[in-house]
Amino acid sequence: MEQGDGPSVLKWNGRTVPLFRLCPGLGMKLLLLVLLLSMLITTAMSILFYGRVRNSVEMSYRNTVEENLRTRAELFDSMMKNAYLTCTYASENENLTSLLEQELTDESYEELVNILRRYCEEDASIQSIYCFIRSTDELVKVSIDDSQVLMGAFANHAWINRAAAGADSDPFSPVYNLDSTFAVRRNFFTYGKKLYNSEGQQTGHLFVNVDERQVYFTCLQTDGDSLGTLSVVQNGRIVASDRASRLRQNIAEDGKSILVQVSTDASGYSLCSVSSAEVLSANLRSTRNWILLVALLLNLILAVPVYLLLRGMLKPMKQLEDNMNRVKEGDLTVRAGIIKNDEIGSLSSNFNDMLDQIEMLIDELASQKMQKKEAELAALSYQITPHFMYNTLSSIRYAAILDGYEEIGDLLQAFIELLRLSASDRGAFITVQQECRMVSSYIMLQQFRYKDSFEAEVIMDAGTEEFYVPRLLVQPLVENAILHGLNHAEQGNRILVTVSRNEQQLVIRVSDNGSGMSREEIDTLLSGGFHSKFSGIGINNIIERLRLYYGERGRLEYQSPIEGGTAAIITLPLSDDPEEYSI
């Protein structure tokens, strides 16, 4: 392979190959990724824009419809208010009540009809007025078209009973009824009032009716369908509508319709509009589709400059790939040419630094391999030293026993055991049982040194023997007690070592019955300060090791009661794994 005539080609096996050829795998993936992200962003923005515009249009539409419904609700309330006032004034008409106190004749019926007709003609929204005469069980019916007297009407028409009951329960809200006294049944909004004579006795009922069709012409009729279907609703049921087929149907909003409802102030009814959401959003959907189409075209146009940009970005990466292949074949002398001061240029620079570091590491590994061999030879020679010492001391011990010096043999055995446990290379942690054996061997040697001037006992609670503790953790405390806690010129000196378990903690206590320590001496010892009586080297070692191994969970404290004696107490977490707290 050699460099061609120009910087962008290579000659290989007699053929000219573009040096900065676009990597088809990575390049196509990046191109598709960019286009996909662009499409996702534009689509998401289009959908978001469409949703916000649709919500805004729907909210504006709802506000417009609601304002229109409020105006129509006021008209409805005005109609009902006039009917209520007409019913109230007519029921208090003295001429009407006096006619009902006497026996009615033809002239009386005619006068009664004229009185009711005047009230009916005063308000165009009132379709009819009925007067029920209690004494004769007659119903005098006056409408804008005709008038008649019906016999037994009160007992035979259920709507009159409902109107009478509604008048008693809520006098301001009209009762919606179907009146069958006409040839064609009609739906009415009815107000009712009781009629009384001068002595306060009930003589009948007065009913003022507003026709449902009159409500439609006054409050619900529209010139177009911009407001949807308008209705008067009571308890979710349509009682008046611009479409007669919807009367007495329940009204409810679903996902395909827009429901706007406004309550009237006095009559207890509501006016509502139901519009098709599809019709409202048809133009918006067309706009959304155009936006998506334009976004697709723009993304396709964008693909060309993105392709060219990616091609230029991947050229230096192709060079770097070729250099890596040469390194893979074993050529560590190759170096990447740093073309630009950008991320790819930084990658090329790091590649060159990596090759320099590899060459340096190869040289270091060759040197370290020789040093490792020398260290292994030295380690093998050092291993013979402890075994030589153990074997020599064992020979001296056997010689002492053969010559009758059994006590010296026991002391040498204790020293050999102490040396073996303390110099072992099996790790920084040993079991409680091994630590106590080491302490017992040390105590035996010290008792010989001080001519048995003290007694000592090591007690382990059942179940604590196999827990692991740092090596040589207890011996310095025993040494401190022997050297500084006891007065060997006196009798009765005693040292007690106990190991116990407190929930998830191991408690090791070393106590003596010496003269004790003051609070100042204990603080000085634990803080590492120098004292004329205690050097504190072993104690500082214990404190530091507890901190390094266990952190806040391992601690050493001293207690010295007034009556004398000193107790050193070590508390550390339980562990049955020698590697759990290793550093």
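In which helix is Leu 284 found? In this predicted model, Leu 284 belongs to helix α7, which covers residues 277-328. The relative accessible area of Leu 284 is 18%, and the residue is therefore classed as buried, the limit being under 20%. Leaving aside residues up to four places away in sequence, Leu 284 touches Tyr 50, Val 53, Arg 54 and Val 57.

The protein as a whole has 583 residues, of which 40% count as buried. Its secondary structure comprises 13 helices and 20 strands. When contacts between residues at least 6 apart in sequence are considered, 58% of them join residues at least 24 apart.

The average pLDDT of the protein is 77, and 76% of the residues score at least 70. Over residues 375-385 the pLDDT falls below 50, and this stretch has zero contacts in the model beyond near neighbours in sequence. A pLDDT under 50 is also found over residues 530-536, but here the model has 10 contacts beyond four places in sequence. Where pLDDT is low, the predicted coordinates should not be read in detail.

Two helix pairs were examined for packing. Helix α2 (residues 94-101) packs against helix α3 (residues 106-122) with the axes 10 Å apart and at an angle of about 155°. The two helices are therefore roughly antiparallel, since the angle is over 145 degrees. The crossing of α2 and α3 is left-handed. On the α2 side the contact is made by Asn 95, Leu 96 and Leu 99, and on the α3 side by Ser 108, Glu 111, Leu 112, Ile 115 and Leu 116. By class, these residues of the contact are five nonpolar, two polar and one charged.

The second pair consists of α10 (432-449) and α11 (475-485). The axes of α10 and α11 come within 10 Å and cross at roughly 20°. Because this angle is under 35 degrees, α10 counts as roughly parallel to α11. The crossing in which α10 passes α11 is right-handed. Helix α10 contributes Glu 435, Val 439, Tyr 442, Ile 443, Gln 446 and Arg 449 to the contact, while α11 contributes Gln 475, Val 478, Glu 479, Ile 482 and Leu 483. The contact of α10 with α11 divides into six nonpolar, two polar and three charged residues.

Lys 451 is not a glycine, yet it has a positive phi of about 55°. Lys 451 is placed in the loop between α10 (432-449) and β15 (454-460). Its relative accessibility is 73%, so Lys 451 counts as exposed. The C-alpha atom of Lys 451 is separated by 9.4 Å from that of His 488, which is 37 residues away along the chain. Leu 472, likewise a non-glycine residue, has a positive phi of about 55°. Leu 472 is placed in the loop between β16 (468-470) and α11 (475-485). With a relative accessible area of 29%, Leu 472 is partly exposed.

A further residue was examined in helix α13, which spans residues 537-550 and includes Ile 543. Ile 543 has a relative accessible area of 28% and is therefore partly exposed. Not counting residues up to four places away in sequence, Ile 543 touches Leu 526 and Leu 556.

Conventions. Residues numbered from 1 in each chain as written. Predicted model: local features only at pLDDT ≥ 70, side-chain atom pairs only at ≥ 80, totals over all residues. Heavy atoms only, no water. Helix = DSSP H or I, 4+ residues; strand = E, 2+ residues; numbered from the N terminus. Buried < 20%, exposed > 50% of the residue type's maximum accessible area, 1.4 Å probe, protein only. Axes fitted to C-alpha atoms, helices over the stretch in contact; angles between N-to-C directions. Parallel < 35°, antiparallel > 145°, perpendicular 65-115°, else oblique. Left-handed = near helix turned anticlockwise from the far one by under 90°. Contact = heavy atoms within 4.5 Å. Nonpolar A, V, L, I, M, F, W, Y, C, P; charged D, E, K, R; others polar. pLDDT = per-residue confidence, 0-100.
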